[in-house]
Amino acid sequence: METIKKIYRDLTGPTTDADQWASFCDNVKAAGIEILAAGGNADPVNKSEGLRYLSRILRGALEMHVEYSDPMDPVLFNRTNERLKYGFDNPDNIYSTCTLNDQHRYEIRGNCGSVSYLSVNLSNSDTTGKMLLTGFVEAADLVTDAAGNFNLQLGGERQPHNWLPILPGTNTLMIRQSFLDRARETAARYDIRRISPRRITDAFTEAKARENLEHAEQWFCRTGRTMLGWANTLLPTMNELPPADQAYVQSLGADPRMYYYWSSWRLAPEEILLIHLPELPASGMWSLCLSNLWLESLDYTQYRINFNSVTAKQNPDGSVTLAIADQDPGIANWLNTSGHPQGNMMFRWTKADRIIHPRVRLVNRDAVNWESQMRRWTD
């Protein structure tokens with residue numbers, strides 16, 4: 001693509017703003033058609049969500065690389081929400097992000113609230129979905145006052161505490177909050193400001209405006225393809241839940257304190273997929289969330305599509321059994337497929353003192369023995 005653009009410029013002269021806009025629209029159109037084609041054999045429910053998915057990731061691309069892309073005036077915005085979803089977003093999390101410049105210094109001021117887990121990640125991100133970690137600190141390691149207020153310095157001279165260096169290539173900050181019970185937990189609050197002086201070379205120019213739009217185009221085209229690639233790699237483990245390649249997941253911006261499992265599921269109307277934790281570690285959090293074909297979390301504003309270590313009910317012996325089904329199977333831990341016959345799922349451990357692998361069984365609604373399923377599996 002870059003070679004074609006260079007040849008075009010050499011033959012026609014400097015590219016105008018109108019030329020770039022036309023190229024942006026053409027390339028987004030072509031990539032969108034390719035992404036939709038990849039889901040062309042999907043069931044009608046997932047297929048119907050394809051156009052919405054394209055509009056969402058285009059919106060996300062423009063927010064990240066155009067609207068909130070100025071490292072001179074950084075703004076922490078929520079990367080996903082109940083109407084903007086992609087990449088296995090987790091309803092238990094708030095993902096706040098902004099753009100940084102590795103030649104500048106920044107300050108984050110905030111309050112930790114009472115959220116169960118809070119971390120700050122610095123990364124070198126590109127337009128393929130890769131986010132290579134360059135810095136990390138969690139709230140438990142921050143020095144705060146009695147009310148939970150903190151001040152975190154990014155870049156500049158080493159500080160005795162509450163400091164992260166900004167390594168060369170760092171361009172993205174993400175703050176991740178993980179809740180267990182939103183009704184009872186208080187969200188963390190924070191904002192960021194640049195504290196180093198602005199340089200002449202930092203001025204917003206036409207060239208930077210063009211670069212931002214090009215990055216948005218690349219993110220839409222490349223990340224959209226990458227996410228469909230992830231979904232396709234999950235098909236061979238249909239109705240299983242093996243550990244993900246942790247190094248690969250980390251390269252996509254995963255939290256280093258988390259351990260991930262991901263796979264796909266497909267259920268006939270009479271089938272139920274059971275996810276079982278035979279025991280729980282002494283410490284740590286877990287969560288399970290259902291997604292559609294496009295790796296968007298299912299509609300959690302209307303349906304229960306995720307559980308975690310607080311919201312899920314334990315069996316009398318301390319084990320946990322969850323049921324993925326399109327109709328209520330009659331147990332507390334029902335994950336509602338919300339009309340989707342097929343989708344994807346992600347299970348996460350956070351700061352667990354040991355990893356307990358979830359077990360999976362596909363059962364028939366009319367034949368399942370719930371008494372045996374609601375106690376620790378021994379086979």
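Let's start with Gln153: setting aside neighbours within four places in sequence, this residue is in contact with Tyr106, Glu107, Gln159, Asn162, Trp163, Leu164 and Ile195. Keep in mind that you're looking at a predicted model.

Where does Gln153 sit? You'll find Gln153 in strand E6, which covers residues 149–154. Is Gln153 buried or exposed? Its relative accessibility is 19%, and buried means under 20%, so Gln153 counts as buried. The side chain of Gln153 also has a polar partner: the side chain of Asn151, at 2.8 Å. Then there's Arg109, 44 residues away from Gln153 along the chain, yet the C-alpha atoms of these two are separated by 8.8 Å.

Now for the aromatic rings. How many aromatic pairs does the structure hold? There are 11 of them. Take Phe347 and Trp349: their ring centres are 5.6 Å apart and their planes meet at 75 degrees, so this pair is edge-to-face. For that label, the planes have to be over 60 degrees apart. Both Phe347 and Trp349 are buried.

| Arginine | Ring | Distance to ring centre |
|---|---|---|
| Arg182 | Phe179 | 4.5 Å |
| Arg361 | Trp377 | 3.9 Å |

Definitions and conventions
Residues are numbered from 1 along each chain as its sequence is written. This is a predicted model: local features need pLDDT of at least 70, side-chain atom pairs count only at pLDDT 80 or more; totals for chains, interfaces and linings use all residues. Side-chain values use heavy atoms; hydrogens and water are left out. Rings of Phe, Tyr and Trp (its six-membered ring) pair if their centres lie within 6.5 Å; planes under 30 degrees apart count as stacked, over 60 as edge-to-face and the rest as tilted. Buried means under 20% relative accessible area, exposed over 50%, partly exposed in between (1.4 Å probe, protein chains only). A charge sits over a ring if NZ of Lys or CZ of Arg is within 6 Å of the ring centre and within 35 degrees of the ring normal. Helices (H or I, at least four residues) and strands (E, at least two) are DSSP runs, numbered from the N terminus. Contact means heavy atoms within 4.5 Å. A polar contact is a pair of N or O atoms within 3.5 Å; within protein, one must be able to donate a hydrogen and the other to accept it, and residues adjacent in sequence count only if both atoms are side-chain atoms.
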